[in-house]
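Me: I am new to this structure and would like a close look at one part of it. Please start with the whole chain, then go in.

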Amino acid sequence: MTDVDEHRLARVAGWNAAALAGAVTGLAGVADRLTSWRARLDALGRALDGAECWSGPAAREAAAGLLEVSAVAAAVEAGFGRSLEDLRPVVRSAGSAAADARTALALARAAGVPLGGLPDDEAGAAGAAAALAREALDAAAATHRGAAAAGEALLALGVRDGAAPGDFGGLATLVAPVHAAVPSSPGPAEVARWWASLPAGAQHELVERRPATVGGLDGLPAWARDRANRLLLERELADPLLPEEHRAAARAVADVLAAEEAAGRPAQLQLLDLAGKRAAVAFGDLDTADAVALLVPGLGITPDDDLGRLAGDARDLAAAATVAAPGLAVTAVAWIGYRTPHDVGTVATRSAAARGGAVLTAVLDGLGAARAAAGAALPRTTVVAHSYGTVVVDEAADRPGRLAADAVVLLGSPGMEDDAAALEVPEVYDAAPPGDPVAQLGWFGTPTWWPPFGSEGLPADSGTGHSGYYDPDRPTLAAMGEVVAGRS
């Protein structure tokens, strides 16, 4: 026999699933706004901590207060997130339950039969009504279970019957301290979500306690990597046992940062790997830039010998982009992010490029993931590669997933495997004047200047050679500035 409680079924039929869906959408909007609000709150706390806008005992007390607010906000954000995960299926099951209940009641009225007490094998309209009634009540039970699970995430925050603690102190007492642990083998997107879930205090603790780890994690915001890598740089320079080769690279990095600070310009140390002959410095603020240019150099480039020159190229390119689009916030990155080849044997193969391509992919993915996790808009991103660096980009594009860039500029390329479309970006440009012997060889594949390759040529005069693309007196730099600014 069919066991259907018609009174309960009538209550389910009266559920306003649309109102529930609207409430969940509203809660999701609050959670989204909380993410960006907390990012701004934490930025203010960092400014106070660094005495950038206020100093003294009052500033320290304010900074401590902001850390506490950040901890509470992080807990509320996490509770909202878990609750939303459980509420979304609740909306679906509530809508299904209400619709089935209304249909079952309508069929029963039309057939003139009660729903309770019908045989399980009843045919016709009565049987259909009974079957729908059972489905409606099963969906209603699933809805109640889901709603209870959604409430569990908010119970930890003191939410009872839709009401939260009425004062900040009451809420703060419910928030347990967060002891952050770095996730094992994460990708940039997972790193970004994990970091964004941490309150500011836990983030600062990790920067201080694990600078080598934090400084190398793709997916973290630029400010965190900068602080961690600067701590690492200080420790390396203070180490009397540091090998002289490493010390020379560390001094070169410190000199570039000191020059920017003396000029009153922001710079962020995004990578410091002295043993691996790698370093990366951003000129500007990667966390807030409207446009980002990542400079990928070619063979024989090391931090100790070449970072200063590459830094000058990055500054000149950012300036050219600002000329093309006044008021645009542009950040250019001098990226010696892979161990560039130095001898004939390694230059003639793609092995260094393959390793560099994997790293470049993670860097680009991490830049976007960090911005998205903080609720910030993504910047326009341009990869500007020179010589063997274009082979690195070629290898990066071969990796799974789309290359996370809006444009690629290929300067003096020794050739690419396929065509411009294979780079997976909307815009591909190249510069390869006849006076550049490397660009004419096609050692690694199709010359970029060959029409079937499919890139858009940038102006380059005959005197550019292989190393003059960033020369302010030649036309290529201004054209690249227009690309970076999105004005080409």
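What percentage of the 488 residues in the chain is buried?

Reply: Buried residues make up 50% of the 488 residues. Keep in mind that this is a predicted model. The chain holds 16 helices and eight strands. Its accessible surface comes to about 21600 Å². Carbon and sulfur atoms account for 57% of that surface.

Now to Arg 380. Find strand β5, which covers residues 380–386. Arg 380 is in that strand. Its relative accessible area is 18%. The cut-off for buried is under 20%, so Arg 380 counts as buried.

Look at the side chain next. A polar contact of 2.8 Å joins the side chain of Arg 380 to that of Glu 427. The side chain of Arg 380 also reaches a backbone atom. That atom is the oxygen of Val 483, at 2.8 Å.

For a contrast, go to Asp 365. This residue is in helix α13, residues 351–373. Is Asp 365 buried or partly exposed? Its relative accessibility is 32%, so it counts as partly exposed. Not counting residues up to four places away in sequence, Asp 365 touches Pro 188 and Ala 404. Ala 189 is 176 residues away from Asp 365 along the chain. Yet their C-alpha atoms are separated by 7.4 Å.

About 60 Å³ of space lies in the largest cavity. Helices α10 (244–262) and α11 (303–324) each give two or more residues to its lining. α10 gives the most, with three residues. The lining includes Glu 245, His 246 and Ala 249. Leu 274, Lys 277, Thr 302, Pro 303 and Asp 304 line the largest cavity as well. By class, the lining has three nonpolar, two polar and three charged residues.

How values were computed
Residues are numbered from 1 along each chain as its sequence is written. This is a predicted model: local features need pLDDT of at least 70, side-chain atom pairs count only at pLDDT 80 or more; totals for chains, interfaces and linings use all residues. Side-chain values use heavy atoms; hydrogens and water are left out. Helices (H or I, at least four residues) and strands (E, at least two) are DSSP runs, numbered from the N terminus. Buried means under 20% relative accessible area, exposed over 50%, partly exposed in between (1.4 Å probe, protein chains only). Accessible areas come from the Shrake-Rupley method with a 1.4 Å probe; for residues, only the protein chains shown count as cover. Contact means heavy atoms within 4.5 Å. A polar contact is a pair of N or O atoms within 3.5 Å; within protein, one must be able to donate a hydrogen and the other to accept it, and residues adjacent in sequence count only if both atoms are side-chain atoms. On a 1 Å grid over the protein atoms alone, a cavity is a set of points where a 1.4 Å probe fits but cannot get out, and a pocket is an open set with protein on both sides within 12 Å along at least five of seven lines; lining residues have an atom within 4 Å of a point. Grid points are joined across faces, edges and corners, and a volume is the space filled by probe spheres set on the points. Ala, Val, Leu, Ile, Met, Phe, Trp, Tyr, Cys and Pro count as nonpolar, Asp, Glu, Lys and Arg as charged, and the others, Gly among them, as polar.
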